[in-house]
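Colleague: I would like to learn how to read the packing and the chain contact in a model such as this one. Could we go through it feature by feature?

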Amino acid sequence: MLKPVIVLAGSLLATGAAAQTEIVGTVDSKCIIISETSGIYGNPSPNLLTTDPTNGGVKPIIRYDVISADFYKARIAYPNTFSTAPTLDDVVNWDGSVTVSEVSDSTMSDYDTNKITYNNVTEYDLTVAGSTWFTIASEADYGYTKSLPAGSYNAVVEAECIPL
Amino acid sequence: MYPSLKIVLCFFLLVSSSGHVFAHELTPTYVKLRQSYVENVLTTSVNLWNARVDVLYYKAGVYDKDMKPVPFFALPGDVVKLEYTERQKIDVFISTVEAKKAVYICTRSQILKGLKQKTVVSSKICSKIIK
């Protein structure tokens, strides 16, 4: 009585063993921009918005992953304008910086030495394959110690990956 | 602690931490223009991947060596709606005249108006056109 059941189970197992599912993947040179931490502006004084953690801010962190060395350059711009804000009738003085905060390969340690900075933009040649974490600092100082109008303020950090 | 349990815990830690990571990818790095089915129009394709949960739209653009815009046409459109973890092939068409100065094909993440986040990261990744 058990014989047909064993035969059926055996045939099912045999069919299961024959089934194949293919997974295809390719590894080629590419750049991936990863927004790891979103920034937050702290408001330590009425005229100031800053991402400085000692003043209640959070610095945004961006990670660049490159598969092959010497294929890309990273171009990161800290904000020099608000994307949304209440109506402002005085000048906003912007300041900021971009620094390498973490690396996956010790040979990336000279990235900050070799970076090129102009206006609000910082450029890095990604000469080593792997991951690099960039921390961006941003500060907006309104007028001459003038109070910022109440409301919501947003600013945009631009992260670009350009092939060499 | 058992070594296998350690591996499992590490895996779950990795998975849970990567849940907060938002990525944007454009491949291939280098593209070559080829003749399209329309006379005097060249074409190529790039692949866009959206792993940014905070981004729903990407804008494609073609630029010269100084990052100045070059006229082009894209399918399914120059602004692409892409859900989280979706991929999209973008076909780019450039006239033979404009193709002479075209150097980069880029995609930039678009930020929705009224987003509550205080500082937002706008990502732009480019592919380079090989002559």
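**Core and contact**

Modeller: The largest nonpolar core has 48 residues, and those with the most contacts inside it are Ile33(A), Ile62(A), Cys161(A), Val92(B) and Ile105(B). This is a predicted model, in which local features need pLDDT of at least 70 and side-chain atom pairs count only at pLDDT 80 or more, while totals for chains, interfaces and linings use all residues. Residues are numbered from 1 along each chain as its sequence is written, with chains lettered from A and ligands numbered from 1 in the order in which they are written.

Colleague: How is a nonpolar core defined?

Modeller: A core is a set of buried Ala, Val, Leu, Ile, Met, Phe, Trp, Tyr and Cys residues joined through C-beta atoms within 7 Å, where buried means that 20 or more other C-beta atoms, placed from the backbone, lie within 10 Å of the residue's own. In soluble globular proteins, nonpolar side chains tend to be buried together.

Colleague: What does Ile33(A) touch?

Modeller: Contact requires C-beta atoms, placed from the backbone, within 7 Å. Not counting residues up to four places away in sequence, Ile33(A) touches residues including Ile62(A), Cys161(A), Ala23(B) and Ile125(B).

Colleague: How many residues does each chain bring to the contact?

Modeller: Chain A brings 30 residues and chain B 25 residues. S10(B), a strand (a DSSP run of E, at least two residues), gives the most to the side of chain B that touches chain A, with 10 residues.

Colleague: In which sense do strand S1 of chain A and S1(B) pair?

Modeller: Pairing needs at least two DSSP bridges; these strands pair in the antiparallel sense over 5 bridges, and Ile34(A) has Ala23(B) as its bridge partner in S1(B).

Key
Two residues are in contact if their C-beta atoms, placed from the backbone, lie within 7 Å. Helices (H or I, at least four residues) and strands (E, at least two) are DSSP runs, numbered from the N terminus. A residue is buried if 20 or more other C-beta atoms lie within 10 Å of its own, exposed if 12 or fewer, and partly exposed in between; C-beta atoms are placed from the backbone.
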